[in-house]
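User: Hi! I would like to learn how to read side-chain packing and ligand contacts from a structure. Could you walk me through it?

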Amino acid sequence: METFTIEGGRPLSGSLRIQGAKNAALPILAAAVLAEGQFHIYDVPHLKDIDVMLQILNELGANAKHTDGCVDLDTTSLSVSHVPDDLMGQMRSSIFLAGPLLARLGEVTISRPGGCLIGERRIDLHLAGLTALGAKMEEAEGYITFRAKQLRGTNIFLSFPSVGATENVMMAAVLAKGMTRICNAAREPEIVDLQNFLNAMGARIRGAGTDTIEIQGVPRLRSVSYRIIPDRIVTGTHLLAVGVAQGHIELTNTIPEHLTALIEVARSCGVEIKTYHDIMEVKSTSRPRAYDRIITSPFPGFPTDLQAQLMVFLAQAKGTSVIKETVFEGRFKHVNELARMGASIYVDLGSAIIRGVSRFTGTSVEATDLRAGAALVLAGLAAEGTTTVEQIHHIDRGYDRLELQLQRLGARISRISQ
Ligand code: UD1
């Protein structure tokens, strides 16, 4: 069991290169299953979820190694269509293998995926999408099997722009016969990255980043080398860390356009942000101003994955702010822990009403999920005294050694093994 110990009250300074995006790397690793050959994928962060994905790929018959941010993956002898149950249960992204394995092997068996407990996290849109492409689905004794000799292109309307369902359908449809059109598709930057990766493999996809994606099926794909985009949620977390702890930092390997919603909110609360090319300079020297109302929503709206970190920032602001969470209903678990550090937050019907306080006090708190855990670390950076964050395995799912990233920016944080 490991914990983070943070000595708060120290402004941040220095420069940090942002890790590659977890949410782009996971579907891209799954998509590599679609071709036989040797892949080199760069800027893959060292995270628990990536380890699980590579372990699954190895158990399916591929050969994957992860060294210094590069995954070398040989998918030539991949032949197993049943995703191992224990690994499937360890992370939600195992569902990404359904589409590509079905397309490559004509069959796939999965169990219900695990992942952060932040809401109901249904998979109905994934299942309906694969069925619409012509696969026969059977569900028995906790297993879901899809079979299709040849998938067929069709029009698919998503009742909600689910990121994962959009990606799963894209990956299955690239080898389908004919054209697939996904309407009300998710528009997240990670979907554009997946499109770019698949097109580099020889797929014919256009429209990612808009709400309509067209996929013209091709008979086969080839292996490639590829670099993953920077992680916008990690970038946003550090941006907000400066807002919370004060200081002046430079973030490199960023794509500021992926964070337009956050930048707008942070600027109007008083954080100075300058962007040039892939660099963001962030400066904050005083308590932020409150922000009237933020509503989380699919891209380009305010990302749910930054809601908890933003809440910590606003919990220290001058005045009262409101955050409404519309994507995951169970995503306010950090509120109780923040209250233990002195925050004043009231939750009612999916909205958090946040009355800013001038300081937090360090204590022992528990990370309940990935982003809630990151939020508690930010609170610890600003708190008086020592904060201990427990259950940090959640944080390790999304941040590549967060303590090293923050140490580089001058924070006093250490990982303690018990
Ligand atoms: C992805 C991200 C996650 C982020 C989320 C929303 C990855 C690996 N994870 O998760 O970090 O928080 O997008 O930006 O990319 N839904 C259904 N049926 C489905 C699928 C989803 O009803 O079949 C609902 C979910 O319950 C949720 C909403 O759609 O309320 C959003 O989920 P989705 O966009 O699918 O998120 P993920 O792909 O799981």
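User: Are F197 and Y226 buried or exposed?

Analyst: Happy to start there! This is a predicted model, in which local features need pLDDT of at least 70 and side-chain atom pairs count only at pLDDT 80 or more, while totals for chains, interfaces and linings use all residues. Residues are numbered from 1 along each chain as its sequence is written, and side-chain values use heavy atoms, with hydrogens and water left out. Buried means under 20% relative accessible area, exposed over 50%, and partly exposed in between, with a 1.4 Å probe and protein chains only. Here, both F197 and Y226 are buried.

User: How many aromatic pairs does the structure hold?

Analyst: Rings of Phe, Tyr and Trp (its six-membered ring) pair if their centres lie within 6.5 Å; planes under 30 degrees apart count as stacked, over 60 as edge-to-face and the rest as tilted. This structure holds two such pairs. In the tilted one, F39 and F197 sit 6.0 Å apart centre to centre, with 35 degrees between the planes. That pair links distant parts of the chain, 158 residues apart: F39 is in strand β3 (residues 38-42) and F197 in helix α7 (residues 189-200). Helices (H or I, at least four residues) and strands (E, at least two) are DSSP runs, numbered from the N terminus. F39 has a relative accessible area of 0%, so F39 counts as buried, and F197 is buried at 0% too.

User: What geometry does the pair of F197 and Y226 have?

Analyst: F197 and Y226 are edge-to-face, at 5.3 Å centre to centre and 75 degrees between the planes. This pair also joins distant parts of the chain, since Y226 lies in strand β13 (residues 225-227), 29 residues from F197 in helix α7. Put together, F39, F197 and Y226 form one aromatic cluster.

User: Now the ligand. Which residues are closest to the ligand?

Analyst: The ligand is surrounded by 19 residues, and the closest are D124, L125, S162, D305 and V327. Seven of the shell residues are nonpolar, six polar and six charged. In that scheme Ala, Val, Leu, Ile, Met, Phe, Trp, Tyr, Cys and Pro are nonpolar, Asp, Glu, Lys and Arg are charged, and the others, Gly among them, are polar. Helix α5 gives the largest share of the shell, three residues.

User: Which atoms of the ligand lie 2.6 Å from side chains?

Analyst: A nitrogen atom of the ligand is 2.6 Å from an N or O atom in the side chain of D124, and an oxygen atom of the ligand is 2.6 Å from one in the side chain of D305. L125 uses its backbone instead: one of its N or O atoms lies 2.7 Å from a ligand oxygen atom.

User: Where is H334 found?

Analyst: H334 is in helix α11 (residues 334-340) and is buried, with a relative accessible area of 2%. Its side chain makes a polar contact of 3.0 Å with that of Q307. A polar contact is a pair of N or O atoms within 3.5 Å; within protein, one must be able to donate a hydrogen and the other to accept it, and residues adjacent in sequence count only if both atoms are side-chain atoms.

User: And the backbone: which peptide bond is cis?

Analyst: The bond from F299 to P300 is cis, with omega near 10 degrees. P300 sits in the loop between β17 (293-295) and α10 (307-314).

Notes
A residue is near a molecule or strand if one of its heavy atoms lies within 4 Å of it.
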